[in-house]
Amino acid sequence: MHDNFEDHDDSIEYEIEIETDTDVTAIPDDGLVLARDTLPGALPIIPLRPRPAFPGVIIPLTVNGRERVETIQQAMDSATQTIGLVMVLDLDEEDAPDNLQQVGVAAKILKLIHAEEESAHVLVNSLERFVIKQVSERKGIIYAEVDYPEPEDEVDNAELKAYSMAIIATLKELVQINPLYSEEIKLFLGRSSMDDPARLADFAANLTNADGFELQEVLETLNLQERIEKVLILLKKELEVSRLQTHISQQIEEKISAQQRDFFLREQFKAIKKELGLEKEGKVSEIEKFQARLKKLTLNQEAQNAVNEEIEKLQLIEPSSPEYNVSRNYLDWLTVLPWGKFSKDAYDLARARKVLDRDHYGLDDVKERILEFIAVGKMKGDISGSILCLVGPPGVGKTSVGQSIASALKRKFYRFSVGGMRDEAEIKGHRRTYIGAMPGKAIQAMKSAGTANPVLMLDEIDKIGASFHGDPASALLEVLDSEQNGSFRDHYLDVPFDLSNVLFVATANQLDTIPAPLLDRMEIIRLSGYILEEKLEIARRYLIPKALKNHGLKRSQVSIRKSALVRIIDRYAREAGVRGLENRIKRIMRKAAMEFAEGRQDKITIGLQDVEKFLGKPVFSKEELFDVAPGVVTGLAWTRMGGATLQIEATAVPSKAKGFKQTGQLGKVMVESAEIAYSYVMGHLEKYQIAAQFFDTHFVHLHVPDGATPKDGPSAGVTMTTALLSMIQNRPIIRDLGMTGELSLTGRVLPIGGVKEKTIAARRAGLKILIFPAENRKDYDDLPDYLREGIEVHFVKSYPEVYKIAFA
């Protein structure tokens, strides 16, 4: 970080034109108060390089870096608007409290000329020397406690006056040789008094081009006579250098020919124009910029040919032509992409495991899949051509898992959402014939990532749309096909770009809405959700500390007991993910922050009895999940939000004509499952000891509560059949039982999906006995032990086995 003075002749000009009455403050009847008496004892510090500042000089100062800009802003907001200017000890080291000289200058900010996030340009008036007593640093801003040394008594000091006259004489000689500072020196001599040798010495020292450390030595010399002597020596050196420079210039001018002289002047003129940014026309500068970029890239032959042709075309086009900007933008995109730039992959499995465990609790099966994936890359030497799809309900950490994969591999990470995307051009870009054309998201992502092998996350891929503009899902086929994306051709670029080294990670809540050809290109990794114990640990390790930080609170101010967390998870946040739990914790923190803002001092501890006070009445109640009655059966369902329990109710109304009705906003497949259940029971009346005329004299009604929520799927067949038999026999099923399975007309129990999600839902609801189809045994056996612990599971092939278990 460098904080530089601008050309010091400008500094002198400001010093001359602005009166320095800021050095003192007038007080009636009591004379004058020196500025050092009103300056603060603690100052924010701006490190300087390569030379120090001197008192009595107005300086245009440029500071670079966010911390230094914040230092200026903080000083502007203070009452005195004063900063400390201190030269660094080592010009090559970073700014730090231990890299500062002991003596600096207090300066008042006169004007903030220009400010940006990373740089600022200010005009300051340096006032007094100070000596640093103590230095500290807070949030990147350096502060110093300082002392302002008392000035020496200069009255009737003939020797000082002699030194002053010698300095003035030397300055006059310097003006005759080098007129660069003539006006400044003349103005200074015209308005300054011989009785102020200290001010004269500082002004003369600031005027020289001496080494910064020599000038710092002058600044640190508090004894005025020693200081003015050192300044006189520096001035004499400056005078000798100027004389030697003049002599050399005269010799050179005598020796070189007119042609050589002209050449030399032209080269000097070119150098001056280059420094001012006026050397080249805009078009020439643009072309040289593109060519400089190309030297750092490795383009394929077709892209290189396209760039060469476009540069030749750009050279022939006038900048005022509309075609100029089209061609320039095209070249800009071609040369800004990371052709041949790769980050080095890290295949350290121990480190990858540590990163995954640090960022996520639980999800052991998912972590194992990711580590296996990295291990294969280690053995193979690369992981090119890989497309992962993380599938799971909202809030289970799909996006953060993608970020952890990038962190484990030490690759750049870039995310963009394709949810709701309806235009093919958003993936493959617009053709350059259109106004405002630009590349698609894939190429834009490569530009932002800056390497040719980043981790690109395609969020919400199951919500991608289609319209008359085209089908983005079809456009993604080329992007996600490892056999094709090695030469991906964006419509805007119209040259092949290699995407085969990109690791694509897609996220989805469900797979049903993803087109089959697109799904076929991806390796599916399921994130099923969390049980209560996992949510409890996630809340304690991640959610609560994050919420405390985001709400400006400390652990010593707010704590949530384990019993309260269990109540929040069980009664307010039963979803598969933790987003709802996080929102409930945020709500608690907001209420706590309000209490502290209103003056509360003691710690807030949230216990079991305090949950309703902070969160209101529970969203879920335990009783509604375990209502045991004839005709009521608990089923297990899979939704895009994760697993869920689903109660099915059946009742019969005496009627002269038989009939069957289903309610609860059931989908087509679920209605068919209900009709199969109805037909199965009617066909096996004798087997289940049901009167033959029952259906002839009753109208049967099957209902699935939560009627506002659409429901569909075949896995409720056995549950509906059990509800009908329980209602007809007026006999409840056993407690804590949940079941799932598709039923055929012959009574076979067919396999279903979402075993893990349904098991998690059962644990969350407190079910102890589960019935699954026999063919799903392999899926259940793959579940981790902590999910299966404490659950009695029955695997059935036919419905009579279900009946035997349910009515045991």
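The following legends describe an overview and several close-up views of a predicted model.

Local features require a pLDDT of at least 70 and side-chain atom pairs a pLDDT of 80 or more, whereas totals for chains, interfaces and linings use all residues of this predicted model. Residues are numbered from 1 along each chain as its sequence is written, and side-chain values use heavy atoms, with hydrogens and water left out.

**Figure 1. Overview of the protein chain, with its 28 helices and 27 strands.** Helices (H or I, at least four residues) and strands (E, at least two) are DSSP runs numbered from the N terminus. Of the 808 residues in the protein chain, 47% are buried; buried denotes under 20% relative accessible area, exposed over 50%, and partly exposed the range in between (1.4 Å probe, protein chains only). The accessible surface of the chain amounts to about 39,700 Å², and carbon and sulfur atoms contribute 50% of it. These areas come from the Shrake-Rupley method with a 1.4 Å probe, and for residues only the protein chains shown count as cover. Among contacts in the chain with a separation of 6 or more, 75% are between residues 24 or more positions apart, a contact being heavy atoms within 4.5 Å.

**Figure 2. Strand 15 (residues 503-508) and its paired strands 10 and 12.** Six of the six residues of strand 15 are buried, so the strand is largely enclosed by the rest of the structure. In a regular strand, side chains alternate between the two faces of the sheet. In strand 15, Leu-503, Val-505 and Thr-507 are buried on one side, and Phe-504, Ala-506 and Ala-508 are buried on the other. Strand 10 (residues 387-391) runs parallel to strand 15 and is joined to it by five bridges; Leu-390 stands opposite Thr-507. Strand 12 (residues 455-459) also pairs with strand 15 in the parallel sense, over four bridges, and here Met-457 stands opposite Val-505. Two strands are taken to pair if DSSP finds at least two bridges between them.

**Figure 3. Aromatic pairs, including Phe-660 with Tyr-678.** Rings of Phe, Tyr and Trp (its six-membered ring) pair if their centres lie within 6.5 Å; planes under 30 degrees apart count as stacked, over 60 as edge-to-face and the rest as tilted. The structure contains 15 aromatic pairs by this rule. In one of them, the ring centres of Phe-660 and Tyr-678 are 4.3 Å apart and the planes lie at 15°, so the pair is stacked. Phe-660 belongs to strand 21 (residues 659-663) and Tyr-678 to helix 23 (residues 668-683), so the pair ties together parts that are 18 residues apart in sequence. Tyr-678 is buried, at 9% relative accessibility. For Tyr-803 and Phe-807 the centres are 4.8 Å apart and the planes at 40°, so this pair is tilted.

**Figure 4. The salt bridge between Asp-95 and Arg-49.** A salt bridge is a side-chain nitrogen of Lys or Arg within 4 Å of a carboxyl oxygen of Asp or Glu, and a search of the whole structure finds 35 of them. The closest N and O atoms of Asp-95 and Arg-49 are 3.0 Å apart. Asp-95 lies in the loop between strand 6 (82-87) and strand 7 (103-115), and Arg-49 in the loop between strand 4 (42-48) and strand 5 (58-64), so the pair ties together parts that are 46 residues apart in sequence. Both Asp-95 and Arg-49 are buried.

Figure 5. The closest N and O atoms of Asp-202 and Arg-227 are 3.7 Å apart. Asp-202 is buried, with a relative accessible area of 4%, and Arg-227 is buried, with 6%. The side chains of Asp-357 and Lys-367 meet in a salt bridge of 3.0 Å, N to O. Asp-357 is partly exposed, at 39% relative accessibility, whereas Lys-367 is buried, at 9%.
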